[in-house]
Each structure stands twice: as C-alpha cells, then as structure tokens.
Amino acid sequence: MSRKKADKAERPRPGSQSARRRRLWATGLTIAVVAAGFVAYWAYRAAADLPGARLTDLGNAHIQMASDPHVPYNSEPPTSGPHLPYIAPWGIHTEPIVKELQVHNLEDGGVLVQYRCATPCPDLVAKLSEIVRRYETQVILAPYPGMRPRIALTAWTRLDAFDDFDEARIVRFIRAYRGIDHHKG
C-alpha cells in the first residue's frame, strides 16, 4: 500500500464519531487554555493593583506583655510580627494603641487607620471617624503621634502612608484587606 493510501486509511472520515470526538476535545482544550489565560491575567492585575506597600512578614509569635523583648518591627506603624494574645476593641480610639496590640488586630483581618496631628485636627478626625463607623468590626481608628506621615493605613504586611485626606484611597485599602485572617497553620 502506498504512503498516501496508508495516511488516508488511518484518518477518520470527516463525519465519523471519532472525528467529532477529536473536534470536541480540541474545542474544549482551546476554551480551557483561553479561560486559564484570562484567569492568570486578572489574577496578575489584581495582585499588581493592591493598595499599599508590601512588607516582609515578620511572623505571628505571641508575647505575653508589650514590654517583652522581641524582634524590631520593620515598619512604622507595624504590619506584622510579635504581638499580644488579645486584640484591641474595633472602632474609634482617642488614645494610641501599643504596637504589640495593633499587630494582633491586623493578624485577625483588621485594618488600622491611624493619624498624626501636630496640633489638634478635629476636621481630619471627624472625616476619618465617618469612614471607620461604616464598619462594625475589623477596622480601628487611632492616633499615632510618632509617625512621619499624617495618615497611615495598615493591614497584615501592608502599609499606605500619606499626608492629605483621601477618602477613596482609604476605602479602597479597607476593602482590599479587611477580613483576611492571617493565622498560620
């Protein structure tokens, strides 16, 4: 038998069940590859568009007291690391929250909105309070006198710091990170 005749004998007829199965399989594979491409693209875009700077995760070791020695935090305010075994109440605070307490709130999926005012700034505090009141849990507003910027937003391993009030930026940060639990293992 010639090579041409052998090739024809091996190929299924265009209308046969075997040919239909191959077309269906090829179509399904093409759709799966295209769908995987779309998912990969949107996952990349979502990760690339996350607000705030990403910082190294310093772990989640518990310490018994804020005065216990521990590794230094890698940001101001902190975004991960050693922390107390309990959390600060969610909501609006008028006094600063110790770093070791803040970090546990972040681990539990919280977002902290903190501010620094060289002189009293009731307008800024009122605007920030209005945003924080929208969330029953997992958001805290508190002063943070020692930081350089006027406003800092923190979540687990994330920090966004700036000087001018920007409601859209604050809300975007809260929506991106609020509720994501970071307990390991």
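# Notebook: sheet, helices and salt bridges

**Entry 1: a starting pair**

I began with Arg54, whose bridge partner in strand 6 is Arg158. This is a predicted model, where local features need pLDDT of at least 70, side-chain atom pairs count only at pLDDT 80 or more, and totals for chains, interfaces and linings use all residues. Residues are numbered from 1 along each chain as its sequence is written, and side-chain values use heavy atoms, with hydrogens and water left out.

I then looked up the strands around that pair. Strand 1 and strand 6 (residues 158-162) are joined by two bridges and run antiparallel. For my own bookkeeping, strands pair if DSSP finds at least two bridges between them. Helices (H or I, at least four residues) and strands (E, at least two) are DSSP runs, numbered from the N terminus.

**Entry 2: the overall plan**

I counted elements next and found five helices and six strands. Along the sequence they come in the pattern α-α-β-β-α-β-α-β-β-β-α. Of the 185 residues in the protein, 36% are buried; here buried means under 20% relative accessible area, exposed over 50%, and partly exposed in between (1.4 Å probe, protein chains only).

In what order do the six strands of the open sheet lie? I read 1-6-5-3-4-2, with mixed pairing. Strand 1 (53-54) and strand 2 are the edge strands, each pairing on one side only.

Which strands flank strand 4? On one hand, strand 2 (residues 91-92) is joined to strand 4 by two bridges, and the two run parallel. On the other, strand 3 (residues 111-115) is joined to strand 4 by five bridges, also in parallel. Ile140 turns up in both pairings: in strand 4, this residue is the bridge partner of Gly91 and of Leu112.

**Entry 3: helix 4 and the crossover**

I followed the chain from strand 3 through helix 4 (residues 122-132) to strand 4, and these make a right-handed β-α-β unit. The hand is judged with the strands pointing away from the viewer: right-handed means that the path from the first strand over the helix to the second runs clockwise.

Helix 4 has the buried residues Leu124, Leu128, Ser129, Ile131 and Val132. Why do they sit on the same side of helix 4? They cover an arc of only 160° around the axis, so they share one side of the helix; the arc is that of the directions from the helix axis to the C-beta atoms. Pro122 and Asp123 are exposed, on the face turned away from the buried side of helix 4.

**Entry 4: salt bridges**

How many salt bridges does a search of the whole structure find? I got four, with a salt bridge taken as a side-chain nitrogen of Lys or Arg within 4 Å of a carboxyl oxygen of Asp or Glu.

Glu76 and Lys99 meet in one of them, at 3.3 Å, N to O. Glu76 lies in the loop between strand 1 and strand 2 and Lys99 in helix 3 (residues 99-107), so the pair ties together parts that are 23 residues apart in sequence. Both ends are partly exposed: I noted a relative accessible area of 37% for Glu76 and 29% for Lys99.

Glu167 and Arg134 meet in another, at 2.5 Å, N to O. Glu167 is in helix 5 (residues 167-177) and Arg134 in the loop between helix 4 and strand 4, 33 residues apart. Glu167 is partly exposed at 32%, and Arg134 is partly exposed at 40%. I also found Glu130 linked with Arg134 and Glu167 in a network of salt bridges.

The pair of Arg169 and Asp160 has its closest N and O atoms 2.6 Å apart. Is Asp160 buried or exposed? Asp160 is buried, with a relative accessible area of 9%, whereas Arg169 is partly exposed at 31%.
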